Amino acid sequence: MNILIKAATLPDGTRADLAIRDGVFVDAGGAKASTVIDADGLQALPGLVDLHTHLREPGFEQSETVLTGSRAAAAGGFTAVHAMANTSPVADTAGVVEQVASLGDQHGYVTVRPIGAVTIGVAGERLAEIGAMARSRAAVRVFSDDGKCVHDALLMRRALEYVATFDGVVAQHAQEPRLTEGAQMNEGALASELGLAGWPAVAEEAIIARDVLLAEAAGARLHVCHVSTAGSVEVVRWAKARGIPVTAEVTPHHLLLTEDLASGYDARYKVNPPLRRSEDVDALRHALADGTIDIVATDHAPHPVETKEAAWAEASFGMVGLESALSVVQAAMVDTGLLDWVGVARVLSSAPAAIGRVDGYAAAFQIGAPAHLTLVDPTARSTFGVDHLKGRSINSPYLGIELPGRVVTTIHGGVATVLDGELREPEEVARG
Ligand SMILES: NC(=O)N[C@@H](CC(=O)O)C(=O)O
Ligand SMILES: [Zn+2]
Ligand SMILES: [Zn+2]
C-alpha cells in the first residue's frame, strides 16, 4: 500500500506532505501513490501508544478480545497497546504472553505488547516467570499485577531487582490493600453522605513513596499506573528531583472527571483508583504539562453491561477509554492551553513507547521510520455515543457528552486501519 498524505499539519505546526511505501515514510517528492489522503486542516500525530490496556483475552472474551480491543484502539488513533496481565489464565508465563502477542499480529490493527504479571496468578505471593517472559518471543519489558497492588515489600524489591537485569520496568497499581478494604469511591464528605466506603488518597501515596525508595535501592525502573491524587504528584516530583528512575501515568478520566459524578450512583463512574476532587484534577493536569507525569494511559477496562448496571457497591470497577482518549486529552489539556500538539505527541506516543521499549516511535515522520500515524480533525465536535465505541463493551463515562476532536485516519506500519473515520475490516487490512 502506497499512501500519500497531502498538506498535513505536523505536531510542531509546520505543513508537509507525507509519503509511505513498504511500511515506512519515504521522500514525498514525486511519490506515486495508490491512496491519496487530503489532510488539509488535519493534525498529524505519531501513532498513539497505550501503556495500559485491558484486552481481556484469554478468559474474559465477553468483555473484550484482542481483536475487538485492537479495533477500539485503531479507532482511537492508537497503533500500539500494552495488554494488561489480569486475564484468565493470568499472563504469568511465556506461553500466555506469546499467545496474546501473536493474536495481535494476526489481526494487524495495532502492535500488541503483552505485559507480564509480577506474581503468579497476580496473587501477590510468589514471583512469576519474569525472566522467561522477557526472553520469550513476546520480549516482555513491562511487568504488572494491575488490578492488584504488589503490596509485599520484599516481593516488590525482588521484582525490581530482577527486571533491572534486562532493562524492564515494574508498573505498580499503587493501592495499599488494608487502607482500601471495601473501598467504593474517593474518601471524603461525599462518600460519607452517599454511604459508600472511602478510598483514601494516602493508600495510593504511601505505596508510591515506598516504591520510589525501593526502585532507588534496586537501581530499577518503576512506573506508577493511574496516578490520581495531588499528593501522589508531590511524591513523584520529589523522586524525580532525586534522580530516581520513576515514570508516571494519568488516565484521561482522571484529567476530566471528578468524584461528584458518583452522586447518582451510576456505576459507569466507578473506577479504580476512584475519581477524585477538582483540586486533584488540577494538580494532575499541571503535572502532565510540566513533565512530572510522563504519559497519558487509557486504563481501558471493558466490562459487560450486567456488571456495570448493577448497584454501585456490586458493580465492577473500570471504564473503556481507547476510543475517547485523544478527545479527552484535547479537552483537558489542549483546549485549556496547558499542552500543545508536540506535548500530546510526547505524552501519548513517544514517551509511552520509550517506557515500554517499543521500537519505531522515537523518530516520528522521519524518512525510513515505520509509518505509524494518526490524523485528527481538532475542529470537529460531536456528542459521544455508542457508535463511537468499536470494542465489545460500552462502559464509557462520556456517552451523551460533547467532546472535541475526531480521528479521521490511523495508519499502522503503512497500513490504513481507519480511513475517512471508518475502521477497515481485517481482510482489507491484510490485502493492504
Ligand atoms: N481500573 C479499573 O477500575 N479496573 C481495571 C483494573 C485496574 O486498572 O486496576 C480492570 O481490570 O477492570
Ligand atoms: Zn490498576
Ligand atoms: Zn488497569
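The dialogue below goes through a few features of this structure, which is a predicted model.

Colleague: Which residues does the UniProt annotation "binding site" list with H52?

Modeller: The record, an unreviewed entry, gives H52, H54, D146 and D299 under "binding site". These four are spread over 248 residues of sequence, yet they cluster in space, with a largest C-alpha distance of 9.8 Å.

Colleague: Is H52 buried or exposed?

Modeller: A residue counts as buried if 20 or more other C-beta atoms lie within 10 Å of its own. H52 has 29 such atoms, so H52 is buried. H52 is placed in strand β6. Beyond its neighbours within four places in sequence, H52 is in contact with H82, M84, C225, E249, A297, T298 and D299. D299 is itself on the UniProt list with H52.

Colleague: Where is H54, and what does H54 touch?

Modeller: H54 sits in the loop between β6 and α1. H54 has 28 C-beta neighbours inside 10 Å and therefore counts as buried. With neighbours up to four places away left aside, its contacts are E64, M84, N86, H300, A301 and P302.

Colleague: Which other residues does UniProt annotate as "binding site"?

Modeller: An annotation of that name in the unreviewed entry covers H54, L55, R56, N86, N272, H303, F317 and G318. Take N86 as a case: N86 is in the loop between β7 (78-83) and α2 (94-107). N86 counts as buried because 22 C-beta neighbours lie inside 10 Å.

Colleague: What is the phi of R56?

Modeller: R56 has a positive phi of about 70 degrees, although R56 is not a glycine. R56 lies in the loop between β6 (48-53) and α1 (66-75). R56 is buried, because 27 C-beta neighbours fall inside 10 Å. Apart from residues up to four places away, R56 touches E61, S63, E64, T65, T87 and P302.

A7 is another non-glycine residue with a positive phi, of about 60 degrees. A7 belongs to strand β1 (residues 3-9). With 15 other C-beta atoms within 10 Å, A7 is partly exposed.

Colleague: At what angle do helices α6 and α7 pack?

Modeller: Helix α6 (residues 201-218) and helix α7 (residues 230-241) pack at an angle of about 10 degrees, and their axes are 9 Å apart. Angles under 35 degrees count as roughly parallel. The helices α6 and α7 are therefore roughly parallel to each other.

On the α6 side the contact is made by A201, E204, E205, I208, A209 and V212, and on the α7 side by G231, S232, V235, V236 and A239. By class, the residues of this contact are seven nonpolar, two polar and two charged.

Terms used:
Residues numbered from 1 in each chain as written. Chains lettered and ligands numbered in written order. Predicted model: local features only at pLDDT ≥ 70, side-chain atom pairs only at ≥ 80, totals over all residues. UniProt positions renumbered as here; feature names shortened; annotations may be inferred. Helix = DSSP H or I, 4+ residues; strand = E, 2+ residues; numbered from the N terminus. Buried ≥ 20, exposed ≤ 12 C-beta atoms within 10 Å, placed from the backbone. Contact = placed C-beta atoms within 7 Å. Axes fitted to C-alpha atoms, helices over the stretch in contact; angles between N-to-C directions. Parallel < 35°, antiparallel > 145°, perpendicular 65-115°, else oblique. Nonpolar A, V, L, I, M, F, W, Y, C, P; charged D, E, K, R; others polar.
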